[in-house]
Amino acid sequence: MTAPKNVLAVIPPHVGGRAAGAGMASLFPADAKVTVVESAGEDPAALRAARVVITALAPVTAEHLAAAPELELVQCASHGFDYVDTEAARAQGVSVCTIGSSGAEAQNVAEQTFALMLALAKQLVPAHQALAEGDWALPRLQRSLTELSGKTLGIVGLGQIGQQVARRAAAFDMTVLYTQRRRASEERYGGARYVPLEELLAAADYVTLHCPLTPETRHLLGTERLALLRPTAFVVNTARGALIDQEALADALEKGALAGAGLDVFDPEPPTPALRLLRAPHVVLSPHVGGVTRETLIRIALAAVQNVLDFLAGGAPRDVVNGAPARP
């Protein structure tokens with residue numbers, strides 16, 4: 001007997017909700033039963049019957065997994081996977097996959113990284129605000145305007161996205177340093193040179209984060225490591241908010257220990273009004289738009305759905321991040 005093709009697509013409101021889920025569901029063939037919800041526990045019967053869960057940044061907890069006895073695969077519609085309890089999934093024999101090898105988000109996140117870097121270098125936000133208020137701010141801003149050319153960019157994580165950032169940095173005539181667990185082929189990525197994290201932080205004019213959020217990388221940049229940066233340095237984060245200790249970053253900005261920060265991600269999301277970074281000096285903020293252009297969303301949906309379809313057809317899932325084989 002052919003195994004049922006029950007798929008639960010979990011698309012929370014802040015990334016499109018049911019409308020986006022309906023678009024994703026339309027990519028499946030007629031023999032697949034796709035139920036669209038906005039949280040994993042919204043439809044207990046659909047969760048209990050699901051063989052596959054597709055999640056777009058929606059939490060999939062140990063409780064959700066325990067309530068899904070037929071589940072074999074959790075497909076993340078993203079490069080990240082920190083919102084899924086990967087250990088509980090592994091214990092249950094459920095594979096957790098990303099779309100990492102597809103590179104679906106890489107181009108747009110790299111572009112957003114440079115948008116934030118350029119906004120910081122050219123002081124676009126305070127310049128706009130001043131002009132809108134009738135203030136010709138050139139004399140005041142002139143002292144803090146800088147160029148990217150000739151500066152050192154430190155990339156933390158030279159995966160699909162980090163590689164795209166490195167290539168663009170070469171076009172801006174930046175010196176590129178990187179750090180990660182494994183050294184890459186440096187000639188392919190603008191001559192990027194490997195250095196340990198602490199050396200990168202001490203040398204970089206710009207530090208940009210492109211590593212996954214894991215227990216080891218949570219608060220990767222805290223008080224001690226932020227102190228290694230020069231007062232003229234900028235921090236950019238388009239990966240995951242919890243890679244940075246947000247209170248420590250706010251402290252550094254308020255004390256003038258950093259030149260500025262560009263942030264597209266927060267912990268939690270959306271951020272609470274109490275987040276000090278929302279009012280910190282010299283910041284440029286965007287609401288996690290790095291992976292949500294029209295073009296990117298299409299690539300993400302296609303990559304996630306194709307991995308699920310291949311799995312349902314009997315193939316091995318790609319980009320497994322928890323080492324759990326699918327159950328027979």
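Reply: The lining of the second largest pocket divides into 11 nonpolar, 6 polar and 4 charged residues (nonpolar: Ala, Val, Leu, Ile, Met, Phe, Trp, Tyr, Cys and Pro; charged: Asp, Glu, Lys and Arg; polar: the others, Gly among them). The model is predicted, so local features need pLDDT of at least 70 and side-chain atom pairs count only at pLDDT 80 or more, while totals for chains, interfaces and linings use all residues. Residues are numbered from 1 along each chain as its sequence is written, and side-chain values use heavy atoms, with hydrogens and water left out.

The lining comprises 21 residues in total (a pocket is an open set of points on a 1 Å grid over the protein atoms alone, where a 1.4 Å probe fits, with protein on both sides within 12 Å along at least five of seven lines; lining residues have an atom within 4 Å of a point). Nearest the centre of this pocket lie Gln123, Ser144, Phe234, Ala259 and His282. At least two lining residues come from each of helix H5 (106-122), helix H6 (124-132), helix H7 (138-141) and strand S12 (283-285) (DSSP runs numbered from the N terminus: helices are H or I, at least four residues; strands are E, at least two). H6 provides the largest share, 3 residues.

Gln123, found in the loop between H5 and H6, is not a glycine, yet its phi is positive, near 55 degrees. Gln123 counts as buried because its relative accessibility is 10% (buried is under 20% relative accessible area, exposed over 50%, partly exposed in between, with a 1.4 Å probe and protein chains only). His282 also has a positive phi, near 60 degrees, in a residue other than glycine. His282 belongs to the loop between S11 and S12 and, with a relative accessible area of 48%, is partly exposed.

That loop also holds Pro268 and Pro270. The peptide bond joining Asp267 to Pro268 is cis, with omega near 5 degrees; the bond from Glu269 to Pro270 is likewise cis, with omega near -10 degrees.

Gly260 connects several of these regions. This glycine is part of strand S11 and is buried, its relative accessible area being 0%. Leaving out residues up to four places away in sequence, Gly260 touches Leu120, Ala233, Phe234, Val235, Leu253 and His282 (contact means heavy atoms within 4.5 Å). The C-alpha atoms of Gly260 and Met117 are 9.7 Å apart, although 143 residues separate the two in sequence.

Helix H11 (residues 246-254) has Gln246, Ala248, Leu249, Ala250, Ala252 and Leu253 buried. Among the elements covering them are helix H10 (223-226), strand S11 (260-263) and S12. After H11 comes Gly256, with a positive phi near 75 degrees.

On H5, one of the helices supplying the lining, sits Gln112. Gln112 is buried, at 13% relative accessibility. Beyond its neighbours within four places in sequence, Gln112 is in contact with Thr238, Asp264, Ser286, Val289 and Gly290.
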